[in-house]
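This briefing goes through one protein model by topic. Please look at the structure first and then read the points below.

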Amino acid sequence: MVFVRPADLSDEKFLWAMLFEASHARDRGLTSPEQLMDQSNVARYVQGWGVAGDLGMVGGTDGVLLGAAWLRRFAAENAAFGYVDDDTPELAIGVAPESRGTGLGTKLMTALLDAAREQYDAVSLSVRLENPARRLYERLGFVDVPGSGQTNPAGTTSITMLLRFR
Ligand SMILES: CC(C)(COP(=O)(O)OP(=O)(O)OC[C@H]1O[C@@H](n2cnc3c(N)ncnc32)[C@H](O)[C@@H]1OP(=O)(O)O)[C@@H](O)C(=O)NCCC(=O)NCCS
């Protein structure tokens, strides 16, 4: 039985595990989520989870957590990879490798965006150009931000995508 529920403070450890997936940490030679904690550029997506404005969804099957989508705002002086402005939160998403392509990511995104729509005008994200997840984001209404391409730690290009609610 597939479930999706709002992320709470007790989910922080799981969010670190999903940040490991979302940030392609394995490609960078990392082996555990704990190793992300002193990589401030990545850690800032989860560090201190539960500050005002944070919103997240976790989900899985039969009570086992397998994926998470969450968002948080960043200030200009700490602009994260998909920063647009101080009012627009940036979304991150990860699903356990063995569970990808089964619809969980779509359910997490849909639930998170439904919640985000209540309090934000738009949501952004940063994605590698070659990531098949771009199709998922486009289906949900995200569009490329012109001129947002930047070189990522893998040496390929990442771009910012934006979904406007109003
Ligand atoms: C992106 C991701 C969260 C999607 O979750 P999911 O449960 O696999 O997604 P769903 O099954 O609901 O939807 C399928 C869509 O997800 C994307 N997707 C599927 N497998 C994927 C994979 N291995 N890597 C990246 N995206 C994938 C595709 O857009 C796919 O749509 P398509 O069938 O039209 O190609 C998940 O695949 C994942 O964790 N990938 C690796 C980490 C990542 O790339 N995170 C996003 C960083 S911006």
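The lining of the largest pocket draws at least two residues from each of α1 (12-22), α2 (40-43), β4 (90-95), α3 (104-117), β5 (122-128), α4 (133-139) and β7 (150-151). The model is predicted.

**Pocket**

- The largest pocket holds about 1,200 Å³ of space. Among the 45 residues that line this pocket, Ala22, His24, Ile93, Asn131 and Tyr137 are the closest to its centre.
- Strand β4 gives the largest share of the lining of the largest pocket, with 6 residues.
- Sorted by class, the lining of the largest pocket consists of 19 nonpolar, 16 polar and 10 charged residues.

**Thr88**

- Thr88 sits in the loop between β3 (64-72) and β4.
- Is Thr88 buried or exposed? Its relative accessible area is 9%, so Thr88 is buried, the cut-off for buried being under 20%.
- A polar contact of 2.8 Å joins the side chain of Thr88 to the side chain of Asp85.
- With neighbours within four places in sequence left aside, Thr88 is in contact with Arg73, Ala122, Val123, Ser124 and Leu162.

**Salt bridges**

- How many salt bridges does a search of the whole structure find? The search finds 9 salt bridges.
- Asp11 and Arg5 form one of these, and their closest N and O atoms are 2.8 Å apart. Asp11 has a relative accessibility of 3% and therefore counts as buried.
- Arg166 has a relative accessible area of 57%, so Arg166 is exposed, the cut-off for exposed being over 50%. Asp121, at 47% relative accessibility, counts as partly exposed.
- Asp144 and Arg134 form a salt bridge in which the closest N and O atoms are 3.0 Å apart. Here too the pair links distant parts of the chain: Asp144 belongs to strand β6 (residues 143-144) and Arg134 to helix α4, 10 residues apart. Asp144 is partly exposed, with a relative accessible area of 37%, whereas Arg134 is buried, with a relative accessible area of 12%.
- A network of salt bridges links Glu21, Arg26 and Arg100.

**Trp16**

- Where is Trp16 found? Trp16 is part of helix α1.
- The relative accessibility of Trp16 is 4%, so Trp16 counts as buried.
- Not counting residues up to four places away in sequence, Trp16 touches Pro33, Leu36, Met37, Ala43, Val46 and Gln47.
- Trp16 and Ala68 are 52 residues apart along the chain, and a distance of 9.9 Å separates their C-alpha atoms.

Methods
Residues numbered from 1 in each chain as written. Predicted model: local features only at pLDDT ≥ 70, side-chain atom pairs only at ≥ 80, totals over all residues. Heavy atoms only, no water. 1 Å grid on protein atoms, 1.4 Å probe; cavity = no way out; pocket = protein on both sides within 12 Å on 5 of 7 lines; lining within 4 Å. Points joined across faces, edges and corners; volume = space filled by probe spheres on them. Helix = DSSP H or I, 4+ residues; strand = E, 2+ residues; numbered from the N terminus. Nonpolar A, V, L, I, M, F, W, Y, C, P; charged D, E, K, R; others polar. Buried < 20%, exposed > 50% of the residue type's maximum accessible area, 1.4 Å probe, protein only. Polar contact = N/O pair within 3.5 Å; in protein donor to acceptor, adjacent residues only side chain to side chain. Contact = heavy atoms within 4.5 Å. Salt bridge = Lys/Arg side-chain N within 4 Å of Asp/Glu carboxyl O.
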